[in-house]
Amino acid sequence: MARPKLHLDADTSIRSLQQALLVRGHDVTRTPCGWIAGDASDEDQLLAATAQGRCLFTFNIRDFKALTAIYERHGGVILAAQRSWTLSELIAALDRALSTTGAEEWIGQVRWLNTWRT
């Protein structure tokens, strides 16, 4: 089972979050990076993450729910309400999500990070 690769969109592009997940052995990128500009639209971020074979993590619930209705074949989207998470909780829940699922399980899926909250 291939492990999922993750992309942190512009809303979740927290350097310390990325670093903590990298230390735990996950393949994580963030906006901006070599293949996506810092001012990329939500649509561009979703399409670019999908082209890179990555699931996307965002706090931008409304916009990404609408985009995934238009682009049903995407690399997966993980949603979370920003105000309800500390950085350590985000790290722990994303670590669990990436460690307990396979990349193929994310294709076309939209899931709430709360699923992996303790």
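I count a contact when heavy atoms lie within 4.5 Å. Helices here are DSSP runs of H or I with at least four residues, numbered from the N terminus. The model is predicted, so I note that local features need pLDDT of at least 70, side-chain atom pairs count only at pLDDT 80 or more, and totals for chains, interfaces and linings use all residues. Residues are numbered from 1 along each chain as its sequence is written, and side-chain values use heavy atoms, without hydrogens and water.

**Entry 1: H1 and H4**

I looked up which residues join these helices. Ser16, Leu17, Ala20 and Leu21 in H1 meet Leu87, Leu90, Ile91, Leu94 and Asp95 in H4. The axes of H1 (residues 15–23) and H4 (residues 87–100) come within 10 Å and cross at roughly 40°. That makes H1 oblique to H4. Oblique covers angles left over once under 35 degrees (roughly parallel), over 145 (roughly antiparallel) and 65 to 115 (roughly perpendicular) are taken out. Axes are lines fitted to C-alpha atoms, for helices over the stretch in contact, and angles run from 0 to 180 degrees between N-to-C directions.

**Entry 2: H2 and H3**

Next I checked H2 against H3 (residues 61–70): they pack at about 55°, axes 10 Å apart. H2 and H3 are therefore oblique too. Asp42, Glu43 and Leu46 in H2 meet Asp63, Phe64, Leu67 and Thr68 in H3.

**Entry 3: Asp42**

I found Asp42 in H2 (residues 42–51). Leaving aside neighbours within four places in sequence, Asp42 is in contact with Asn60, Asp63, Phe64 and Leu67.

Key:
Helix = DSSP H or I, 4+ residues; strand = E, 2+ residues; numbered from the N terminus.
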